[in-house]
Amino acid sequence: MIDIHSHILPFMDDGAADWDAALTMAQAAGKDGISTVVATPHHANGVYLNPAPNIGQAVEQLNQRLRQAGVMLQVLPGQEIRIYSDLLNDLEQGQLLTLAGSRYILLEMPSSRVPRTMEETCHELLIQGFVPVIAHPERNAEVAADPSKLTRLIELGALGQLTAQSLAGTFGSKLQKLSLDLCRRNAVHVIASDAHDNQHRPFGLSEAYGVLTKELGATATDFFRQNALKIIGNEDIIRADYLQSHTKLHRLFGFFSRKG
Ligand SMILES: [Fe+2]
C-alpha cells in the first residue's frame, strides 16, 4: 500500500520525535502492509515552518538510516501546507513541495472553517497545472456541517484525502459516518494515514480499507488504493463514480439471482 500523508520525519513537527521514533514508525508501516510513505511535515500552520530544502535533506537521511537498519520502506518527500497568503508566491520560490514531486499538492485548511481564499487558491493552482489535495476535509467543522462546502472545491478540480482513522471509527462514529457519506458523494479520492506516532495516531491503513470494503465494497477499496499509487506516479487519478458501478453490479447480480 501507498501512504501519501504522514509525519514520519523527525524533528520537524508533532510527528516522530527523533530518529528512533521514525524508525519504529517505519517498522509499523511495514507491518501494516505499506511499502511507500510520503513524508508530509506541517508547513506554515502557525506553529511549524518546514521549507522544502530541509525536508529534502531529512528524507534522504531517513532513507539511509532505514536501509542501514534493514527496513524496507521507501520514504518520499512531501509537505502538508496550510492555506496562507504567500502560498502561491512561496511555491514559485521553491519553498513548497508537492507529493513525491508530482503535480499533486497537499493542502490543509484550519479545522474550524473553510478559508475565504480557498476557492481562489485552488483555482490558481489548477491553472498552473497543480492539483490540490485537501487533507482530511472530514475533520473540518464547516464541511461537517455542510458537505457542499467541499464538493464546490471538488467540482473546481481539487481532490479530497480522507484520514484512515476517521474511516476506521477511531475518532468516533459521527466522523466515521461523515467519512462514508463523503465517499458516497464522490467528494474524497484517496485515503492516507496522517500518522504521527505508533500509539495515538498510527498508520492503520489496512484497518481503514477493511471498513471501506465492508461498507462500500471491494471496488471502492480498489479505487482508493489505485489513486494513492497514481498520485505518487504523477498519473491522472480516477474520478469515476465507483459507487455507481458498484450499485450497477449489485443490481445486475440481483437480476441474475432472481432469474436463477
Ligand atoms: Fe497531517
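This is a predicted model: local features need pLDDT of at least 70, side-chain atom pairs count only at pLDDT 80 or more; totals for chains, interfaces and linings use all residues.
Let's start with strands 1 and 2. They run parallel, and three bridges join them, with strand 2 covering residues 36-39.

Next, the metal. Which residues are the protein donors of the iron ion? There are two histidines, H5 and H7, each through NE2. Then E80 gives an OE atom and D194 an OD atom. These donors lie 2.1 to 2.2 Å from the iron ion. In sequence, the spacing reads H-x1-H-x72-E-x113-D. The angles among the four donor atoms run from 83 to 170 degrees, and the site is irregular.

Are the histidines buried or exposed? H5 counts as buried because its relative accessibility is 0%. H7 is at 1%, so H7 is buried too. The cut-off for buried is under 20%.

On to helix 8, residues 173-184, where we find C183. C183 has 0% relative accessibility and therefore counts as buried. Take L162 as a reference point. C183 and L162 are 21 residues apart in sequence, and their C-alpha atoms are 8.8 Å apart in space.

Last stop, helix 9. This one spans residues 205-216, 12 residues in total. From first C-alpha to last, helix 9 reaches 16 Å, close to the 16 Å expected at 1.5 Å a residue. Which of its residues are buried? The list is L205, A208, Y209, V211, L212 and L216. They sit on the same side of helix 9, because they cover an arc of only 155 degrees around the axis. The general rule: an α-helix has 3.6 residues a turn, so residues three or four places apart point the same way.

And what comes just after helix 9? G217, with a positive phi of about 100 degrees.

To recap the metal site: H5, H7, E80 and D194 are the protein donors of the iron ion, and both H5 and H7 are buried. That's it from me.

Terms used
Residues are numbered from 1 along each chain as its sequence is written. Side-chain values use heavy atoms; hydrogens and water are left out. Helices (H or I, at least four residues) and strands (E, at least two) are DSSP runs, numbered from the N terminus. The expected span of a helix is 1.5 Å times one less than its number of residues. Buried means under 20% relative accessible area, exposed over 50%, partly exposed in between (1.4 Å probe, protein chains only). The arc is that of the directions from the helix axis to the C-beta atoms. Donors are N, O and S atoms within 2.8 Å of the metal (3.2 Å for Na, K and Ca); water is not among the atoms, so sites may look incomplete. Four donors count as tetrahedral if all angles lie between 85 and 135 degrees; four count as square planar and six as octahedral if opposite donors are over 155 degrees apart and all others between 65 and 115; anything else is irregular. Two strands pair if DSSP finds at least two bridges between them.
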